[in-house]
Amino acid sequence: MLTIERIEAFAIRSDIASGPGHTPARRAPWLAGAEIAAPLARHARFKRDRTVWRPKWPAVGCLVTASDGSWGFGVSRYGSPVIAIVNEHFGPLLIGEPALATERLWDMTTRFASPYGAGGLSAYATSAIDLALWDLKGKVLKRPVYELIGGPSRSHVECYATGNDTDWHMELGFRATKLACPHGPADGLEGLDANEALFAKARELVGPQVEIMLDCWMSMDVEYVVRLAQRLARYEPRWIEDSLNPDDLDGFEALRRRLPGVGLAGGEHWYVPQTFLHAASRRLLDVLQPDIGWAGGLTGLLRIAAIADAAGIAVIPHAGMNTPYGQHFGLAVPGSHMGEFFLGSGVGVPLDETKLFPGQGVPVDGKVTVSDAPGFGLGVDLDGIARMKA
Ligand SMILES: [Mg+2]
């Protein structure tokens, strides 16, 4: 039996994490200098720029090697704490375990974490290991991961683009776009006006046949979301996303009660299937958005997708089309009818220059074609992985 011989997590070099990008931008990306509504906005010194209070932890790579030398590679976030959980806790306990037993190993890592919580940073660690194990399994079985999980369900994945360079999204051929909301409760009526103006301008630019969504990044309270939704109704937003503190589950219930006709999405800051079960069974949201690198990897997302599908709710993973991991999920899972592509690179820079892995697809006319190479088709060898190390 193939067993796990080695698990190693490490920090990924930041210049590699954002892709090779040699074409100069003809305009700086919207992210440069933009104010984005955020949960810290109530504290003046942290209001203007969320990079001031967010940790500088780098992306995390995780290499799992099996007893015959075969290997798989996963990626997650949040640097040293997640690296410590993998290298000092989960990893050593999994040595000698069956390398293809993704269900068993996911069950173990989430239970290893139970004394300090299986969500949050431990879920990032579980995700890194789980994605590496699925990559390994695909390479051992010589099949793309989307086949191993019962796909394909579609020939390609239709994407929407996220970010406030709406004109660039349209030029690239996307037919759906999501804005980052700049203001929250701390900006009062003036902020509400500015939010409405941003949405109105985007609607005018794209016309009636393009979907527009709004991301609120945990920044609001129920009262504010209700007022904002009333303002935006005439511009027909497809959904309002991630608006409340992710732990405020009663708040999401109140929001659903007060906005019965408004599309609501969220879940990128939920980490365990139980939270998604809570939301799905009460139909708090219309779209669930777990992140495959954060919420327990592919195994975690398949569990969430089963819960969502039973409730008739779509799963559109957070930034799923930015990684080969999310792309395989999106191609395979019947209830995942659209993918999100986060666009934070400069206007005019070809998307192909912004990817971490040479083997992954990028949206062309808003559609991603998924590699059918074994595993996640990352297109890197062990030397390439060694070069990613910080
Ligand atoms: Mg979001």
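**View 1. The open sheet of three antiparallel strands, β1-β2-β3**. In this predicted model, the strands are arranged in the order β1-β2-β3 and the pairing is antiparallel. β1 (4-11) and β3 (71-76) are the edge strands, each of which pairs on one side only. From one strand to the next, the twist averages 15°. Strands of a sheet are held in pairs by backbone hydrogen bonds, in either a parallel or an antiparallel arrangement.

**View 2. The pairing of β2 with β3**. Strand β2 covers residues 60-66, and six bridges link it to β3 in the antiparallel sense.

**View 3. Y78, a residue with positive phi**. Y78 is not a glycine, yet its phi is positive, at about 75°. The residue is located in the loop that runs between β3 and α2 (79-94).

**View 4. The cis peptide bond between G151 and P152**. Omega for this bond is about 5°. P152 belongs to the loop between α5 (145-148) and β4 (157-162).

**View 5. Domain 1 and domain 2 in contact**. The domain assignment of the protein chain places residues 4-142 in domain 1 and residues 147-368 in domain 2. Taken over C-alpha atoms, the centres of domain 1 and domain 2 are 21 Å apart. Domain 1 contributes 47 residues to the contact, and domain 2 contributes 48 residues.

**View 6. The second largest pocket and its lining**. The space in this pocket amounts to about 380 Å³. Its lining consists of 18 residues; M218, P246, D247, H269 and Y271 are those that lie nearest the centre of the pocket. Sorted by class, the lining has 13 nonpolar residues, three polar residues and two charged residues. Both domain 1 (4-142) and domain 2 (147-368) supply at least three residues each to the lining of the second largest pocket.

Note on methods:
Residues numbered from 1 in each chain as written. Predicted model: local features only at pLDDT ≥ 70, side-chain atom pairs only at ≥ 80, totals over all residues. Heavy atoms only, no water. 1 Å grid on protein atoms, 1.4 Å probe; cavity = no way out; pocket = protein on both sides within 12 Å on 5 of 7 lines; lining within 4 Å. Points joined across faces, edges and corners; volume = space filled by probe spheres on them. Nonpolar A, V, L, I, M, F, W, Y, C, P; charged D, E, K, R; others polar. Domains from an automatic or database assignment. Pairing = 2+ DSSP bridges. Helix = DSSP H or I, 4+ residues; strand = E, 2+ residues; numbered from the N terminus. Axes fitted to C-alpha atoms, helices over the stretch in contact; angles between N-to-C directions. Contact = heavy atoms within 4.5 Å.
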